[in-house]
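Keep the sequence and the 3D view at hand while reading.

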Amino acid sequence: MLSLLWLIPALPAAGFVLLVLLNRRLGRAGAAWIGAGSVGLSMLAALLVCGSFIVSPPAGDACRQVLWTWMDVAGFTPAIGFYLDAVSVVWVLVITVVGFLIHLYSTEHMEHDEGFTRFFTYLNLFVFSMLVLVLADNLLLLYLGWEGVGLCSYLLIAFWQKDPQNVYSGRKAFIVTRVGDTALIAGLFLLLTQLGTLEIQPLLRAAEQTWAPDSTVAVVAALLILGGAVGKSAQVPLQTWLPDAMAGPSPVSALIHAATMVTAGVYLIARTTPLFELAGDARLAVALVGIVTLLIAGFSALVQHDLKRALAYSTISQIGYMILALGVSGWEAGVFHFGTHAFFKALLFLGAGVVIEALAGEHDIFKMGGLARKLPAVFVTFTVGAAALAALPFVTNGFYSKDLVISTTLGTADGNVWLYVGSILGAFVTTLYSFRLVWVVFFGEAHTEVTRRPRWRQTMPLWVLAVFSIITGFLWLPAWIGAFHPLEDFLDTALPPIEWTGRYAHFAESAGAAFVIILIVYGGIFLSYLLWVPWRRGTHAFAASPVVRPLAAFWLGGWGFDWLYERVFVRPVKWFAHWARHDLVDYVVDGIAWVNLAGWRTLSAGQTGRLRSYVAVAGFGVVLVLAVVVLR
Amino acid sequence: MTILFYIAAAVAVLATLLVVTRRNLVHALLYLVVSLFAVAVVFYTLGAPFVAALEVIVYAGAIMMLFVFAVMLLNLQAASPPRVPWTAWVGPAVLVGVLLAEVIYALTIETQPLAGAEVGATAVSEALYGPYVLAVELASMLLLAALVAATHVAARAREDQTAASVERGRAVLHGQGTASEPGVIVEEGDA
Amino acid sequence: MILLWYILIPAVAAPLAWLAGRRSEVAARWIAVAGTAAPLALVAGQWIAAAGTLGETFAASGPGAAGLVAGSWIADLKTAWIESLGISFFLAADGLTLIMLLLTFALGLLAVLCSWRGITQRVGVFHLMVLWTVAGLAGVFLALDLFLFYFFFEMMLIPMYFLIAVWGHERRIYSAIKFFIFTQVSGLLMLVAIIALVFIHGRETGVYTFDFTQLLGTPMAASTAFLLMLGFFAAFAVKLPAWPLHTWLPDAHTDAPTAGSVLLAGVLIKIGAYGMLRFMVPLFPGAVAEFRTWALVLGVVGVIYGAVLAYAQSDMKRLVAYTSVSHMGFVLIGVFAWNELALQGVILQLVCHALSTGALFILVGGLQDRIHTRDLGKMGGLWQVAPRMGGTAMFFAMASLGLPGLGNFVAEFLILAGVWQVSEWAAVLGAVGLVFATVYALWMMQRAFQGEETHGLRFADLTKIETGIFASMIAALVLLGFWPQPLITTARQTVDGLQRMTAQSALAQPADPGEAAAAAAETETAGGDEGGAP
Amino acid sequence: MASVSLEHALILAAILFAIGFAGLLTRRNLIVVLACIEIMLNAAGLAFVAAGARWGQADGQVMFLFVLAMAGAEVAVGLAIAIRFRQSLKGLDVDDADRMRG
Amino acid sequence: MTVTWGDLLTVSPLIALTLAAVAVMLAAAFFRSHALALGITLGGLAAAFGTLFVAASRAERDVTPLVRMDAYALLFIGLLAAAAAVVVLFSWGYLDRFRVHPEEYYVLLLTATLGGATLAASTHFASFFLGLEILSVSLYGLIVYAVYRDEAVEAAVKYLVLAGATSAFLVFGMALVYAQTGTMTAAGVSDLVAGLGDDVVATIGLVMLLVGIGFKLAVVPFHMWTPDVYEGAPAPVTAYVATVSKGAVFALLLRFLLPVSSDQGSTVFLALTAVAIASMVAGNLLALRQDNVKRILAYSSIAHLGYLLVAFLATGERAGLAVGFYLIAYFATTLAAFGVVTVLSPPDRDADRIDDYRGLGSRRPVPAAVFTVVLLSLAGMPLTMGFIGKFVIVTAGSGAALWAMVIVLVATSTIGLYYYTRLIVAMYVRRRDEAGPAATPLPAAPGGTLGVSVLGVLTLFLLVFGVYPQPLLRLVEHAVSVLPWP
């Protein structure tokens with residue numbers, strides 16, 4: 001059954017090609033069937049392949065399928081080949097399942113959009129690129145998927161291309177991620193030069209054998225890979241593009257900017273764990289990036305007016321948690337949190353999509369309100385998603401994964417107290433902003449009328465995702481609840497298990513740490529209820545007070561990164577481009593031409609036409625030469 | 001004999017200076033004749049009597065006659081061109097002075113006395129019809145060319161050309177007439 | 001003997017096209033198509049026939065530099081031409097030449113096809129000029145005698161000059177003469193260098209000849225070698241175009257007719273790279289090693305300067321022209337890195353750049369025929385008016401910013417990987433150039449195709465011919481993106497030969513990554529040295 | 001007879017030559033210009049005769065003969081052109097002949 | 001030193017030309033017919049050409065110390081005769097329009113060619129001086145042939161006065177050289193040049209000699225007359241002046257001053273280098289924005305003489321080959337160029353304004369095509385003889401390591417590109433703003449067919465020897481090998 005591995009990415013690719021070729025002749029229904037159908041089939045294939053992988057793991061817990069050698073140059077022979085192991089199984093399953101649900105959702109959500117076929121063309125290309133990224137057996141093919149998803153995110157953000165602002169956001173996303181990609185490709189060159197190959201497994205083996213731990217080349221390689229991850233997963237300092245990416249349709253935000261693409265960075269680090277094991281400083285850097293991002297994004301999410309921007313900042317914050325987990329060598333915790341986060345964040349975005357569509361495109365949460373009764377299904381599913389985001393204890397999957405991550409920040413050798421405190425603070429803020437959305441959007445008096453009711457193709461995915469947001473948590477129960485952690489055993493086949501060897505390891509594993517989180521979450525929920533339901537006016541007044549308003553504005557703008565980058569990078573390039581647009585070197589060339597013309601003018605003036613001046617010139621010539629003769 | 005050389009040289013130089021500076025054309029030409037006679041004497045002192053004679057006969061005799069005829073033909077009288085301020089002479093004088101200085105300096109580095117043997121007409125004629133026989137023929141062709149050129153330039157324009165025939169010539173060009181039809185003499189301006 | 005046909009067919013077709021053109025334009029066009037398609041078929045045939053032998057490299061103990069070159073041609077033809085000056089009519093072809101010929105004739109065909117409707121005045125003479133350029137180009141790639149190379153190098157100038165001057169756009173006469181003078185001055189400098197080389201060789205061995213294979217490896221003082229190398233470099237840097245000598249390219253491209261731009265971008269500027277690979281580096285390896293850092297600086301500046309200038313342009317065709325400057329910056333650093341990775345990348349880049357930039361020029365040409373302007377300010381929202389054209393433009397914009405999955409990415413990756421082994425900062429700055437490439441590509445797409453359609457432009461989408469052309473180029477680029485191996489094997493023997501020629505000099509690399517991997521596998525500690533700086 | 005040194009003769013020739021050249025540079029009347037050319041040629045002839053005398057060969061005088069012939073030819077054609085000059089430019093001022101310039 | 005019959009045979013080409021001139025004059029005396037004069041002239045030139053082979057078969061070469069009819073001289077005499085023939089053919093259609101008798105034209109043409117031939121064969125001051133003067137005097141007549149035209153008279157006066165003055169310098173120089181060395185033969189001058197040392201008077205003599213030669217070659221600083229004479233003289237005569245008079249003198253230069261190039265430090269060498277560089281720069285710069293086609297060709301010929309001097313100053317047999325081949329290329333190109341001007345000239349004036357050539361490509365395609373090939377050859381573009389010529393010169397220059405001059409050659413020849421292509425553009429490209437037909441459409445000139453066919457032959461000559469120059473190179477190599485190379 002594993003031989004069907006190549007079918008998983010091939011199906012969306014076939015869908016993409018079909019949609020491109022039959023573009024004109026395909027009606028909406030045809031496009032929907034091919035678009036969603038190809039991803040659905042890919043999901044089935046994925047379920048079959050991953051199922052047989054889980055049920056009867058192949059030798060060495062991994063299987064590699066090579067289609068053809070991509071190129072063979074001076075010993076560098078990357079292949080178009082796919083490699084399936086525990087990590088990629090998780091990612092493939094998430095991508096195909098969430099992907100199919102979102103495709104189904106989109107068939108209805110985008111019904112009235114005239115670029116319907118074009119939308120599914122780009123979506124299929126995206127799913128293909130993402131699957132290639134996670135299944136690639138060598139870093140060059142991974143990079144192909146990596147840039148493919150970057151392209152599709154640009155195309156889909158700028159999908160409604162009539163409005164230049166959307167196109168600008170699309171461009172911004174592509175360019176900022178490309179900055180990150182430059183670091184990644186530099187890493188590729190370093191690895192290729194030092195280790196001779198880019199095929200992941202042999203590369204990692206060679207690295208472990210030839211590189212001494214904490215040697216400069218190992219640290220540099222790891223940092224470059226981190227640079228790539230930071231770009232794609234919208235971590236500090238390259239996170240400014242994700243909030244603007246909300247200009248795209250909601251399914252796009254759900255699929256690309258919540259579930260799959262933004263976690264590509266996490267996948268990359270998880271895939272190349274041995275490199276990070278060799279480089280201690282790099283792991284510290286990863287942890288720092290994680291903690292800083294989760295705090296900044298958390299506080300920004302707290303003050304957003306736009307529903308989708310709030311969710312975007314929340315995504316950045318949650319990915320910060322995953323990166324933090326990887327940073328403290330809690331590799332499997334990061335993967336687990338990715339799995340849970342994909343479901344509830346997709347759910348929240350799809351819910352937001354329905355809400356916005358229902359209120360005829362209204363994004364500002366303070367203009368919504370009182371939707372609980374009008375859109376009951378959305379209210380329930382959205383609340384489940386928000387709860388999972390806030391890590392409502394025992395019930396939601398978010399609790400189990402976030403608890404695990406927070407405890408690893410304390411328990412592992414790399415963990416330390418400051419990281420723990422930071423993650424706790426982050427958890428508290430997450431709870432605040434997630435339930436803030438629930439209270440403000442679904443409670444209080446209604447401001448705008450509901451015009452459209454979602455039909456089954458939009459609500460069914462919401463319910464499925466809600467169910468997943470609950471049950472996927474039970475795959476890895478913490479030690480103090482029970483010994484049931486099939487996901488951990490499964491991931492151990494590919495990733496090094498978590499070693500609880502830190503100073504407070506005992507406390508971190510115990511129920512005590514979990515209790516602290518439970519307290520934080522309940523406190524957060526209660527506080528948010530108070531702030532945004534009974535004391536709503538008070539909170540508004542407080543937010544508008546002269547002391548708090550500048551701070552709120554600062555957080556609203558994403559801690560001023562945009563402002564900084566505009567001045568430091570964008571303006572100088574624009575100025576130089578404008579200044580040098582007539583090509584500086586051309587002035588030199590025209591200067592030479594001018595000199596020739598000046599020469600012509602003077603000499604032709606010399607041609608006076610008078611005979612005596614001719615004789616004089618001749619005479620002068622002779623006298624000059626004779627003078628030289630006589631004087632030498 | 002050397003004294004005679006220096007006197008003749010002085011006369012020649014003075015006469016040439018006067019040729020160049022005189023306003024009146026005829027005076028200038030006459031001074032030129034004097035200068036030529038002086039040069040003829042110098043030739044004699046240098047032991048080249050044949051050439052001295054030739055100088056007088058051909059140069060002074062023939063060429064100067066040409067000049068006088070030309071002046072007469074163009075009946076210039078003494079119509080001297082507008083008085084050129086003497087300052088016009090400064091530029092050329094400086095230029096030529098430097099040229100002269102260079103040559104004289106070069107010549108005065110060391111001097112060799114002349115052989116002194118007189119080379120008479122016989123020696124010249126032997127050389128003339130010995131190795132230089134071809135040159136004589138060429139000289140004759142030179143004079144022929146000058147003859148043809150001078151007659152062509154000075155002669156009137158083609159007798160049978162009139163203004164009318166010029167028009168006819170242009171008509172020919174546009175394919176209405178034939179080229180060989182004769183025309184009438186074109187009256188040039190007064191001689 | 002077949003090599004002579006490559007030059008003769010277009011050369012003979014040229015006057016035929018002119019004569020036919022006096023009576024019926026269509027006849028001229030079809031003769032031009034025949035004049036380019038026939039040799040294309042011949043080259044393809046020869047390529048397939050020789051595919052078997054091209055693949056393998058020379059045995060480790062392969063023949064020395066001089067011996068190698070003599071024996072390694074697929075086909076060669078040598079006859080006496082001007083004996084009293086030691087000049088012979090020497091044509092030869094190997095893997096690299098075949099690729100270049102394929103490119104020449106393919107783009108010649110495309111040039112003729114894309115001006116099927118665009119060119120209406122003096123059609124006969126137009127096709128005479130196009131075919132004459134194609135013949136000249138074929139000659140340049142085949143010539144192995146340095147004088148013959150210079151002869152064809154200059155011969156191409158005249159038809160291209162007329163193409164720009166007669167059928168060009170606004171500032172055509174200025175651009176045409178600028179193109180002519182730039183190439184002529186640098187060509188003459190190369191001529192002086194060639195002649196000096198011949199004299200040095202003559203004094204050494206008593207044999208005055210322009211035959212490249214004999215001139216190879218002429219011993220000379222390092223300083224003279226450097227000067228001669230600079231002479232060659234001047235000619236090829238202008239043609240390439242390398243950074244400071246590039247200002248003729250934007251003018252020539254903007255004011256050339258579409259066919260002219262396609263030929264210019266597609267093949268003419270490849271002569272610079274081809275010349276460096278074939279003649280300059282093998283003849284003066286020591287001098288090239290000395291000049292390497294400077295060349296890398298020029299290349300990198302070219303990449304970034306080209307990209308930023310492209311972003312700054314308001315004329316679409318000028319924008320595309322500057323992208324060529326940027327892409328050719330990669331080629332320059334690739335050539336001077338001179339290891340197998342970089343060289344294969346350079347050869348691939350020549351092909352892919354020809355396809356992607358050629359397509360963009362045909363597109364801009366088509367657009368100009370429809371809306372009679374190239375000013376991006378006057379466009380906007382054309383995707384609604386012509387979605388197929390929008391989609392194609394998007395594809396080729398992606399190709400020019402080096403999107404993986406297309407040939408350009410593979411080429412640029414190989415080049416930068418090769419350059420990394422020589423100097424890390426050049427590779428990193430090259431990669432940064434890719435970011436700037438994204439900026440200009442997306443900026444062009446936004447101003448031309450996306451955004452609101454405000455100018456009320458209505459025109460027909462792509463015609464059948466144009467769709468055919470673009471489809472073939474898209475297919476080629478995607479194929480090269482996912483399966484570049486045929487091209488790599490074709491050029492392998494040449495690249496290996498070139499490497500052997502410069503094996504003794506300072507240019508040779510420490511062990512290639514291939515061998516490094518084998519070394520790593522036997523757990524021999526390669527240590528953490530920072531890249532193989534020579 | 002013999003004590004005149006070659007250089008003195010050559011100096012004399014040089015002086016005459018220089019005066020002729022100066023006249024050529026200054027005077028504007030075509031006839032005088034032609035006369036100056038004659039002076040220069042005559043001086044050159046003198047130099048040749050002096051050189052011939054130094055070596056005691058007849059070559060110098062033969063060359064003078066040819067110079068003489070050439071001078072005659074030059075004057076003949078020169079004066080013919082002078083006549084044409086006067087008709088076309090209404091005067092003999094050489095400076096008027098500057099219609100063609102640049 | 002009596003002249004035997006054998007000697008007469010050796011000198012037969014010169015004799016043939018002389019007899020032809022006299023024959024034309026006698027025929028004109030009986031009855032004036034243009035066709036007869038043309039017939040006799042062509043016959044005479046053909047005879048001269050024929051007798052070349054007779055002279056070539058003769059063993060001893062020197063006829064009296066004045067003239068040496070060796071292979072070198074015969075090659076150049078053949079070249080000059082051919083050029084004269086081409087000029088004569090161009091003149092046939094051109095002379096009818098003049099209101100003057102055409103017969104004297106042919107006499108003067110023949111005597112001029114005789115002068116040139118003497119120069120080519122001369123090895124003695126006497127034949128050098130007389131050849132030069134016959135050429136000059138004949139040219140005075142030819143330049144002012146259209147006597148009623150003011151420009152012709154103006155040009156003739158300038159040429160006459162300058163020629164006279166520089167001849168005086170020449171003779172004075174000869175006298176000084178003779179005074180110092182006692183010999184007047186080419187061999188004597190060559191030895192003088194080789195062993196110049198510090199003999200100041202001899203150097204001054206040599207420099208003054210070069211003044212005469214410099215004027216005829218129209219190199220800077222003696223180039224000022226060129227544009228005016230080229231513009232004033234009738235087109236065929238300009239062709240003659242630009243080719244035969246310069247070619248003959250250059251042939252002589254190679255014979256007299258060969259060893260100049262051996263000692264690169266000597267004053268004469270430095271003077272000639274300065275002259276060469278100045279000619280190349282001034283020639284090209286002066287033509288940059290010139291609107292009169294004949295003046296452009298005049299300035300370009302100054303520049304080309306600069307290129308020739310570079311070849312002359314290079315050492316070794318290769319220099320001789322370069323000079324020989326480039327002269328032939330220069331002859332063919334210049335004759336064709338002025339041929340085009342002749343063929344296009346309307347009766348009342350010469351077609352020398354650039355507006356006459358605007359849009360010529362559509363109106364008169366054949367002359368336009370010829371003129372394009374000519375301009376490309378002047379610019380040294382491949383497929384034309386100019387390309388091989390420039391290549392051979394750069395080879396000679398680089399071989400002798402004359403780097404300064406080679407670099408100047410490279411730079412100035414590209415300036416040349418500008419004004420050559422400016423003419424081509426004027427012929428073929430209509431500027432956007434130039435609506436309607438060309439400014440002054442030229443009326444068709446009579447007797448054009450003969451001229452156009454000669455142009456065709458010349459263009460063919462340019463292209464064939466541009467692509468396959470080997471036979472010509474071998475011919476020049478044989479001819480040049482005769483000279484006493486150091």
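## Chain A overall

Chain A holds 28 helices and 2 strands. The model is predicted. Of the 632 residues in chain A, 59% count as buried. Along the principal axes, the C-alpha atoms of chain A fill a box of roughly 115 × 60 × 60 Å.

Take the contacts in chain A between residues at least 6 apart in sequence: 81% of them join residues at least 24 apart. Chain A is also divided into domain 1 (293-536) and domain 2 (582-631). The centres of domain 1 and domain 2 of chain A, taken over C-alpha atoms, are separated by 84 Å.

## The strands of chain A

Strand 1 of chain A covers residues 62-69 and is joined to strand 2 of chain A by 7 bridges. The two strands run antiparallel. One bridge pairs A:Thr69 with A:Ala79 in strand 2 of chain A.

Strand 2 of chain A spans residues 79-85 and is mostly covered, with 7 of its 7 residues buried. Which residues of strand 2 of chain A point one way, and which the other? A:Ala79, A:Gly81, A:Tyr83 and A:Asp85 point one way. A:Ile80, A:Phe82 and A:Leu84 point the other way. Residues on both sides are buried.

## The strands of chain C

Chain C has a strand pair too. Strand 1 (residues 75-82) and strand 2 of chain C run antiparallel and are joined by 7 bridges. C:Ile82 has C:Ile87 as its bridge partner in strand 2 of chain C. Strand 2 of chain C (residues 87-93) is mostly covered: 5 of its 7 residues are buried.

The two strands of chain C form a hairpin, with 4 residues between them. In the turn, C:Gly86 has a positive phi of about 70°.

## Helix pairs in chain E

Two helix pairs in chain E deserve a look. In one, helix 5 (residues 103-121) and helix 6 (residues 125-143) of chain E have axes that come within 8 Å and cross at roughly 155°. Helix 5 of chain E is therefore roughly antiparallel to helix 6 of chain E. Their crossing is left-handed. Residues of helix 5 of chain E that meet helix 6 of chain E include E:Tyr105, E:Leu108, E:Ala112 and E:Gly116. On the helix 6 side, E:Phe128, E:Leu132, E:Leu135 and E:Leu139 are among them.

The other pair is helix 11 (residues 235-256) and helix 14 (residues 317-344) of chain E, whose axes come within 8 Å and cross at roughly 170°. Helix 11 and helix 14 of chain E are therefore roughly antiparallel to each other. The contact includes E:Pro236, E:Ala239, E:Phe250 and E:Leu254 of helix 11 of chain E. From helix 14 of chain E, the contact residues include E:Gly320, E:Leu327, E:Phe331 and E:Phe338.

## Contacts between chains

Which chains share the most contacts? Of the 8 pairs of chains in contact, chains B and D do. Chain B puts 72 residues into this contact, and chain D puts in 63 residues. Elements that give two or more residues on the chain B side include helix 1 (2-21), helix 2 (25-45), helix 3 (49-73) and helix 6 (133-154) of chain B. Helix 3 of chain B gives the most, with 12 residues.

Some pairs do not touch. No contact joins chain B and chain C, and their closest C-alpha atoms lie 29 Å apart. Chain C and chain D do not touch either; 24 Å separates their nearest C-alpha atoms.

## Backbone details in loops

Two peptide bonds stand out for a cis form. One joins C:Leu240 and C:Pro241, with omega about -10°. C:Pro241 sits in the loop between helix 10 (222-239) and helix 11 (248-255) of chain C. The bond from E:Val220 to E:Pro221 is also cis, with omega near 0°. E:Pro221 is in the loop between helix 9 (200-217) and helix 10 (225-232) of chain E.

C:Trp338 has a phi near 50°. C:Trp338 lies in the loop between helix 15 (316-337) and helix 16 (340-371) of chain C. Is C:Trp338 buried or exposed? C:Trp338 is buried, because 27 other C-beta atoms lie within 10 Å and the cut-off is 20 or more.

E:Ala401 has a phi near 55°. Its loop runs between helix 17 (385-399) and helix 18 (403-428) of chain E. E:Ala401 is partly exposed, with 13 other C-beta atoms within 10 Å.

Methods: Residues numbered from 1 in each chain as written. Chains lettered and ligands numbered in written order. Predicted model: local features only at pLDDT ≥ 70, side-chain atom pairs only at ≥ 80, totals over all residues. Buried ≥ 20, exposed ≤ 12 C-beta atoms within 10 Å, placed from the backbone. Pairing = 2+ DSSP bridges. Domains from an automatic or database assignment. Axes fitted to C-alpha atoms, helices over the stretch in contact; angles between N-to-C directions. Parallel < 35°, antiparallel > 145°, perpendicular 65-115°, else oblique. Left-handed = near helix turned anticlockwise from the far one by under 90°. Contact = placed C-beta atoms within 7 Å.
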